[in-house]
Amino acid sequence: MIVGEVPMPGGALGVDAVAMTMRFGDFVALDNVELKVRPGSFHALLGENGAGKSTLVKCIMGYYHPTEGDVLVGGREQAIANPKNAHALGLGMVYQHFTLVPAMTVAENLVLARDDVPPVVNWAREKLELEAFLANMPFKVPLNARVSDISAGERQKCEILKQLYLKRRFLILDEPTSVLTPGEADEVLGMLRGMVVNDGLTILMITHKFREVMAFADEVTILRRGKLAGHGKVADLTPDSMARMMIGAEELTVQPARVGQVGEPRLELSKLNALDDAGAVAVHDVSLAVRGGEIVGIAGVSGNGQRQLVEVLAGQREAESGEVRVAGEIYHANREEMRRHKMSLLPEEPLKNACVGGMSVADNVAFREFDRAPFASGGWWLNRAAFRDDADRKIAQYKIKTRTPDTPIAALSGGNVQRAVLARELSGDVEVLIAANPCFGLDFAAVAQIHAEIMAARNRGAAVLLVSEDLDELLELSDRLVVMFHGEFVYETRASEANLTEIGRHMAGH
Amino acid sequence: MADGTIGLWTVPLAVFGGAIRVSTPFLFVSLGECITERSGRINLGLEGTLVMGAMSAYGISYLTGSPWLGVLAAGLTGALLGALHAGICSLPRVNDIAVGIALMLFGTGLAFYLGKPLIEPTAPRLPAIDFGWWSDVAQVRAALRINVLFLIGVALAPILYWAFRATRWGLLIRTAGESSDAARAMGYSVLIIRLRATMVGGFLAGIGGSFLSLFYPGSWNEGLSSGQGITAVALVIFARWDPMLCLWASLAFGGAAALGPALQSVGVTSGYHLFNAAPYILTLAIMIITCSPKRTLTGAPAELSITR
C-alpha cells in the first residue's frame with residue numbers, strides 16, 4: 001500500500017474484476033470477463049469445468065497476472081502482484097484441495113498460517129487465544145486433533161475458520177461442498193450466510209450445484225468457455241435458465257429410458273474386508289449382490305472405503321478376507337476371468353487407473369483385446385493396421401476428440417480420456433460393470449454421454465455397481481442405493497423411494 | 001579381582017563403551033538426515049558427506065592444531081555438500097535419490113583424492129571427558145572415556161524433538177515435508193526450506209565424520225567409514241523420523257557394531273567377521289520387520305519421493 005494513502009474503509013469489502021482477459025499462449029482462458037461482487041453479499045460463480053472460474057479467481061488473488069483487466073478492491077484499483085498482496089487487502093481463499101497439513105494438529109495448522117509465526121511458539125498461550133477466538137465463531141473444531149483424524153466436514157470448517165482467524169473479510173470458496181454430505185453442506189453454508197448478513201463478510205463461491213446457489217447466494221455470475229454468459233440476482237433466475245447459460249446451445253446425449261427386467265445375481269460380495277495403505281481396516285464385512293439389469297449405487301463421503309472396495313474388485317488390492325463371486329464363481333480379478341465374465345471397469349482418475357499415459361489412444365483403446373485376433377496373430381505378433389482401424393471406429397462412435405489415434409492419451413482432456421476408456425470397456429458385451437466416480441470433473445456433454453452409456457449397459461442386462469460421491473448422479477442412475485460409512489454398508493433403499501435427508505444422515509454416520 | 005580383570009563382564013562393558021563411541025557418527029548423521037527428510041527430501045549423499053567431513057576435519061586439525069576448528073570445517077564442508085544436493089534437486093524433474101547416490105560417490109572420491117597427503121601425518125585429536133575416574137578397573141575407565149561430541153549429540157535429540165513442535169522453523173520444515181501445496185498456499189518457498197534443511201543435515205553429517213577421524217578410530221584413511229553414513233539413513237526410517245528414536249536406534253547400532261571386537265577381547269574369535277556384520281544384519285532384519293509392501297510407513301513425511 002502506498003504510504004500516505006487513505007486506509008481501506010472498514011466493514012464489508014466488495015471486489016470487482018473489470019475487463020479481465022487471460023491468455024496462456026494461444027489459449028484464451030478468460031475473454032473480457034466482468035465480475036461485480038457487492039460488499040456484504042454472497043455471490044456465486046457458476047460454470048462448467050474449463051469455463052475459466054478458477055482462472056478468474058486466481059487472477060483476483062494474484063496467482064496469475066491477467067493479460068488485460070483490473071481488480072478493484074473496495075472500489076479502488078489495486079495491483080495485486082502475488083497472494084501476499086491479496087491477503088494484506090483482506091482477501092482470502094479456501095481451495096478445493098485442502099491446504100491443511102494432515103499430519104499436524106488443528107491448532108498447529110491455524111498458528112502456522114499466520115504471517116507472524118513467532119520463532120518459538122508458546123503453545124499454552126496460543127491455545128488460550130485460539131479458544132477465545134473459537135468462542136466467538138459459529139463452528140467448533142477440535143484444536144488438539146490431528147487433521148488426518150477429523151472428518152471432511154470438520155476439515156472444511158477448519159479451512160474457513162483459518163481464513164477468519166487471519167481476519168480476512170472477503171472469502172473466495174472453490175467448490176467448498178464437494179466433499180461434504182448435503183447436511184454438512186447446508187450447515188457450513190448456512191453459517192457463512194449468517195456471517196455475511198450479520199458480520200459484514202463478503203463471499204464469492206465457485207460451484208456447480210444449483211441447489212446451493214438457489215438456497216444461499218444473493219447474486220450469480222455465469223461463465224462459459226472463458227466468456228461472461230450471464231449474471232443477475234438469484235431471485236430472478238431458475239436452475240433451468242442458469243443451466244442454459246452454462247451449457248449454451250450444445251446438444252447433449254439423451255439418456256435412454258430405464259427398461260428391461262432384473263435378472264439373476266451376477267456380482268456377489270460376501271463378508272469382504274480390505275485394508276488401506278496405512279494398514280487400517282477400510283472395508284469391513286461388506287456383503288452385496290448386484291443382479292443383471294440393475295444399477296446399484298454406493299453413496300458415501302469420500303474416504304469411507306469406497307476407493308479400497310473398487311480397488312479390490314479391480315484387482316488392484318488384495319482382500320484381507322471374504323469373497324467376490326461373479327456369475328456364481330469365485331473371482332480373483334485376473335485377465336482370463338475378466339474376459340470370460342465380460343467384466344468392465346470405469347475406475348476413478350481414469351488416466352491414472354485405466355490408461356498408460358505415454359501410450360497412444362489406439363493402444364489404450366485396444367488393451368482389452370490386444371493379444372487376440374484380429375489384433376494379434378498367434379498371441380504375440382501385433383497387427384498395427386487392426387489397432388488403427390479399431391481405434392478410428394471407436395473414436396468416431398464415442399466422439400473422442402484427439403488429433404490422431406497415435407497421440408499419447410495423456411495429451412487428451414479429462415472428458416476425452418474417459419470417453420476413450422468408455423469406448424474400450426463398453427463397446428463389447430458387458431455382463432458386469434463397475435464404475436467409480438465416472439463423471440468427476442467432466443463437462444455436461446461428457447457427463448450426459450457417460451450416463452447414457454451406463455444406462456444403456458444396464459438396459460442390455462449388465463449388473464452395474466456405481467460408486468459415486470455425487471448424490472444427484474446416484475439418484476438419477478441407480479435402481480438401488482447403498483450408503484457406505486467407515487467401511488461398512490449402513491443403509492439401503494430403493495432409489496425411487498430415496499429421501500435425501502435420510503441418506504445424508506447415514507453418510508454422516510448418524 | 002586382584003589382577004584387575006573382570007572376566008566375562010568385559011563383554012557388556014565393552015559393548016556399552018562401544019555403543020557410545022560407535023554410535024556418535026550414526027547419531028549425527030541420522031539427526032541430520034531426520035531434519036532433511038522431515039522437509040520432504042532424502043539425501044543419500046550423507047555417506048560422502050561423512051567421509052568428506054572426516055577428511056576435512058583431519059586436515060584442518062593438522063594444519064591449525066585445533067581439533068575444534070576441524071569439527072567446524074567438517075560441518076561447513078557438509079553444509080556445502082548439502083547445498084549442492086539441494087541445489088541440483090531444485091531443478092525440475094531431478095530425482096533426489098539419484099542425486100544422492102551421485103553425491104555419495106562424489107564425496108568419497110573427492111575425500112580420497114584430497115586426503116592422500118593426510119594418511120601419514122598425525123593430527124591433534126578431540127579430547128574426552130573421563131567419567132570413570134572413580135573406578136580402578138581399566139576396562140571401566142576405558143568405557144567411560146566419553147567424547148564431548150557424543151554428549152552434544154545426545155542433547156541435540158530432545159532439542160530437535162522440541163524444535164519440530166514448538167519453533168517456527170520446525171513447523172515450516174514439517175509443513176514442507178507433509179504438504180508442499182499447503183506451504184506454497186501460505187506463501188513459503190518449499191525449495192528454500194528444503195535447501196536450508198538439507199544444509200543443516202549436511203552440517204551435522206560432516207560433524208559425524210569429524211568424530212571418525214578425530215576421536216574414534218581417530219585417524220584418516222580410506223577405510224575409515226564402513227557405510228555408517230548410509231546405514232544412518234536407513235536408521236531414520238527405522239526411527240520413524242523421530243529424533244528421540246534416532247538416539248535410541250543409534251545406540252543400538254553402535255552396540256551391535258561393538259559386539260565383534262568385544263567378543264574378540266575375551267577370546268571368542270570364531271565368527272569374528274560374522275559378529276562384525278551384526279549392524280548390517282540388524283539393519284536388514286529391522287527393515288524386513290518394519291516395512292510391508294501393502295502399507296505405507298507410519299510417520300513418513302508425505303512429500304518424500306519414496307512415499308508419494
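Trainee: Let's start with the open sheet of six strands in chain A. What order do the strands come in?
Mentor: Keep in mind that this is a predicted model. The order is β6-β7-β8-β3-β9-β10 in chain A, and the pairing is mixed.

Trainee: And which strands stand at the edges?
Mentor: Those are β6 (91-94) and β10 (227-233) of chain A. Each has a single partner strand, so one side of each has no neighbour in the sheet.

Trainee: How much twist is there from one strand to the next?
Mentor: The average is 15°.

Trainee: Zooming in on β3 and β8 of chain A, how many bridges join them?
Mentor: Five bridges, between residues 42-46 of β3(A) and residues 202-207 of β8(A). Those two strands run parallel.

Trainee: Which residue in β8(A) is the bridge partner of Leu45(A)?
Mentor: That's Ile206(A).

Trainee: What does helix α1 of chain A lie across?
Mentor: Helix α1(A), residues 53-61, lies across β3, β6, β7 (170-174), β8 and β9 (219-224) of chain A. Relative to β7(A), the helix runs at about 150°.

Trainee: Stepping back, how many helices and strands does chain A have?
Mentor: Chain A comes to 17 helices and 22 strands.

Trainee: What's the radius of gyration of chain A, and what would a compact globule have?
Mentor: Chain A has 25 Å. A compact globule with 510 residues would be near 24 Å, so the two agree. Along the principal axes, the C-alpha atoms of chain A fill a box of roughly 80 × 50 × 45 Å.

Trainee: What share of chain A is buried?
Mentor: 43% of the 510 residues count as buried. As for contacts in chain A between residues at least 6 apart in sequence, 69% of them join residues at least 24 apart.

Trainee: Now His87 of chain A: buried or exposed?
Mentor: His87(A) is buried, because 22 other C-beta atoms lie within 10 Å, and the cut-off for buried is 20 or more. You'll find His87(A) in helix α2, residues 83-88 of chain A.

Trainee: Switching over, how many helices and strands are in chain B?
Mentor: Chain B has 13 helices and two strands. Its radius of gyration is 20 Å, close to the 19 Å from the globule rule for 308 residues, so chain B is as compact as a globular protein of that length.

Trainee: What does the C-alpha trace of chain B span?
Mentor: About 70 × 45 × 35 Å along its principal axes. Buried residues make up 50% of chain B.

Trainee: At what angle do α3 and α4 of chain B pack?
Mentor: Helix α3(B), residues 67-89, and helix α4(B), residues 96-115, pack at about 145°, with their axes 10 Å apart. The crossing is right-handed.

Trainee: Which residues meet there?
Mentor: From α3(B), they include Leu81(B), Leu84(B) and Ile88(B). Among those they meet in α4(B) are Val99(B), Gly100(B) and Leu103(B).

Trainee: Last one: what pLDDT does chain B average?
Mentor: Chain B averages 89, and 96% of the residues score at least 70. For the model, ipTM is 0.84 and pTM is 0.80.

Notes:
Residues are numbered from 1 along each chain as its sequence is written. Chains are lettered from A and ligands numbered from 1 in the order in which they are written. This is a predicted model: local features need pLDDT of at least 70, side-chain atom pairs count only at pLDDT 80 or more; totals for chains, interfaces and linings use all residues. Two strands pair if DSSP finds at least two bridges between them. Helices (H or I, at least four residues) and strands (E, at least two) are DSSP runs, numbered from the N terminus. Axes are lines fitted to C-alpha atoms, for helices over the stretch in contact, and angles run from 0 to 180 degrees between N-to-C directions. Two residues are in contact if their C-beta atoms, placed from the backbone, lie within 7 Å. The radius of gyration is taken over C-alpha atoms; the globule rule is 2.2 Å times the number of residues to the power 0.38. A residue is buried if 20 or more other C-beta atoms lie within 10 Å of its own, exposed if 12 or fewer, and partly exposed in between; C-beta atoms are placed from the backbone. pLDDT is the predictor's confidence in each residue, from 0 to 100. A crossing is left-handed if the near helix is turned anticlockwise from the far one by less than a right angle, and right-handed if clockwise.
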